[in-house]
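Notebook open, model loaded. I'm jotting down what I look up as I go.

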Amino acid sequence: MKISVIGTGYVGLVTGVCLTEVGHEVTCIDIDEKKVKSMREGISPIYEPGLDEMMKANIERQRLFFTSSYEEGMEGKEVVFIAVGTPQSKDGSADLTYLNKACKSIAQNMKRDLIVVTKSTVPVGTNEHVEQEITKHITNGFKVKVASNPEFLREGSAIYDTFNGDRIVIGAEEEAVLDKVRSIYESFNLPIVSTDLRSAEMIKYASNAFLATKISFINELGNLCEKLGANIENVSAGMGMDQRIGNKFLQAGVGYGGSCFPKDTNALLSIGKSYGHDMPIIQSVIDTNEKQQRIIVDKIKEYSPDLLNKKVAVLGLAFKPNTDDMRDAPSIKVVRELVDAGAEVHAYDPIASENARIFLPGSTVYNSSVDEAIEDADFAVIMTDWKEIKEYELQKFTKLLKNPVLFDGRNCYNLQEVAQYGLSYYSIGRPT
Ligand code: UGA
């Protein structure tokens with residue numbers, strides 16, 4: 001099928017590339033010309049394992065194209081995916097400015113009847129708005145039908161998730177539209193949930209909010225486990241074996257971050273508010289996470305109330321491993337608080353340092369290895385569980401740190417092992 005994808009952020013680019021991988025012809029449209037130029041050369045603007053290779057291969061097969069022109073990008077296409085950003089507005093709601101602009105541009109460049117599929121995470125009812133908005137700007141009599149097709153991929157495993165997801169959700173009001181969108185995914189061989197527009201939009205928010213709830217729940221229990229002398233990892237393992245609970249997303253840590261959970265939980269709350277519907281569970285999930293993102297600072301200050309001129313090594317900055325994404329990363333709050341308290345932060349992240357400069361205080365020193373960051377530091381703090389950090393030789397902490405003290409916000413190491421190396425080790429939800 002001939003498809004265009006508007007917006008080449010995480011969702012748009014991965015979707016476009018993966019659709020070409022199964023044989024569709026896709027033109028990705030993005031208003032950023034610089035980005036378009038480099039994508040044409042097969043260079044992805046985001047770090048995502050396997051993406052560059054897949055991009056290059058499909059450009060070579062002449063199935064994947066990039067343009068900043070709607071006219072060129074929509075030429076001959078029967079389906080248009082919208083995957084533009086829906087960032088958080090000041091009041092917590094989703095900002096639909098980019099979406100509205102995309103609708104207008106689609107309408108102005110229509111040369112046939114179209115199906116427009118929204119991949120962006122949008123408030124319930126937005127797809128109806130998309131249909132109205134496009135229809136309002138159509139001047140040549142063509143017709144548009146809309147479908148909702150929310151995305152469930154995770155950054156860092158986006159390609160794997162696209163081909164191995166648990167389900168594909170498609171919402172539309174007409175069977176013919178559902179059929180058309182289902183046919184795009186035929187060769188994915190994944191279960192397809194076909195539903196109405198509003199339910200599809202809601203499934204996305206409900207899923208992210210539920211996953212965020214699992215994380216805040218386990219973090220709250222982890223904090224209690226510390227007081228009780230229990231170990232949250234053993235508790236998670238015991239709980240997770242109950243299939244009604246499931247063993248995923250029960251890992252205690254420094255809270256969730258990234259571009260999705262914080263934004264989507266706030267947007268859901270704001271959707272509720274606009275209908276006069278309180279959502280105390282979602283509110284407390286957000287509040288618990290706010291506190292959890294800085295819980296390691298409390299532990300540090302308890303250990304060392306005076307941080308003035310202390311050299312602190314911060315290991316891992318990205319909101320999770322395998323991404324350079326710093327949006328809402330817990331490391332931001334932690335580094336800022338350490339610097340405010342007078343500490344000298346030496347940070348190391350395998351790939352997120354460049355992006356981190358936008359978010360972290362100017363005094364942050366960026367090192368090029370764990371060794372370099374921890375050498376002579378008063379103590380080290382782990383914020384992201386990169387493989388490289390999880391597999392770091394524990395004896396080196398004892399050897400290189402000024403004091404053998406490690407704060408681990410991601411429970412990277414086994415307690416018995418740490419004890420063998422004489423490290424003072426403070427992790428999350430586990431005995432000290
Ligand atoms: C999340 C969802 O998992 C995807 O299904 C969804 O498509 C995406 O949001 C989105 O809406 O676009 P992502 O934000 O890439 O994906 O990252 P996750 O792997 O879900 O992790 C989110 C955060 O939760 C990270 O900060 C991670 O460290 C934290 N987390 C995750 C925990 O603290 N504990 C866990 O057990 C799992």
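I'm working with a predicted model, where local features need pLDDT of at least 70, side-chain atom pairs count only at pLDDT 80 or more, and totals for chains, interfaces and linings use all residues. Numbering runs from 1 along each chain as its sequence is written.

Helices here are DSSP runs of H or I, at least four residues, and strands are runs of E, at least two, numbered from the N terminus. Nonpolar covers Ala, Val, Leu, Ile, Met, Phe, Trp, Tyr, Cys and Pro; charged covers Asp, Glu, Lys and Arg; the others, Gly among them, go down as polar.

Domains next. Besides domain 1 and domain 2, the assignment gives domain 3 (293-426); the bounds come from an automatic or database domain assignment. I looked up the centres of domain 2 and domain 3: 24 Å apart, on C-alpha atoms. Across that boundary, 12 residues of domain 2 contact 15 of domain 3, a contact being two C-beta atoms, placed from the backbone, within 7 Å. Helix 12 (residues 280-292) gives the most to the domain 2 side, with 3 residues. That side splits into 3 nonpolar, 6 polar and 3 charged.

Then the core. The largest nonpolar core has 125 residues, and Val116, Val314, Leu315, Ala380 and Val381 touch the most other members. A core is a set of buried Ala, Val, Leu, Ile, Met, Phe, Trp, Tyr and Cys residues joined through C-beta atoms within 7 Å. Helix 9 (residues 197-228) supplies its largest share, 9 residues.

I followed Val381, which is in strand 12 (residues 379-382). Is Val381 buried or exposed? Buried, because 27 other C-beta atoms lie within 10 Å; the cut-offs are 20 or more for buried, 12 or fewer for exposed, and partly exposed in between, with C-beta atoms placed from the backbone. Skipping residues up to four places away in sequence, the contacts of Val381 include Ile296, Val314, Val334 and Phe407. For Ala380, leaving out neighbours within four places, I noted Ala313, Leu315, Ile374, Phe397, Leu401 and Leu406.

Helix 11 (residues 261-274) got a length check: its 14 residues should span 20 Å at 1.5 Å a residue, and the end C-alpha atoms are 20 Å apart, so the two agree. The expected span is 1.5 Å times one less than the number of residues. Its buried residues, among them Phe261, Leu268 and Ile271, pack against helix 9 and helix 12. Just past helix 11, Gly276 has a positive phi of about 65 degrees.

Most residues other than glycine have a negative phi. Asn309, not a glycine, sits at a positive phi of about 60 degrees, in the loop between helix 13 (295-303) and strand 9 (311-315). Asn309 counts as exposed because it has 9 C-beta neighbours inside 10 Å. Asp328 is also a non-glycine with a positive phi, about 55 degrees, and belongs to the loop between strand 9 and helix 14 (330-340). With 21 C-beta neighbours inside 10 Å, Asp328 goes down as buried.
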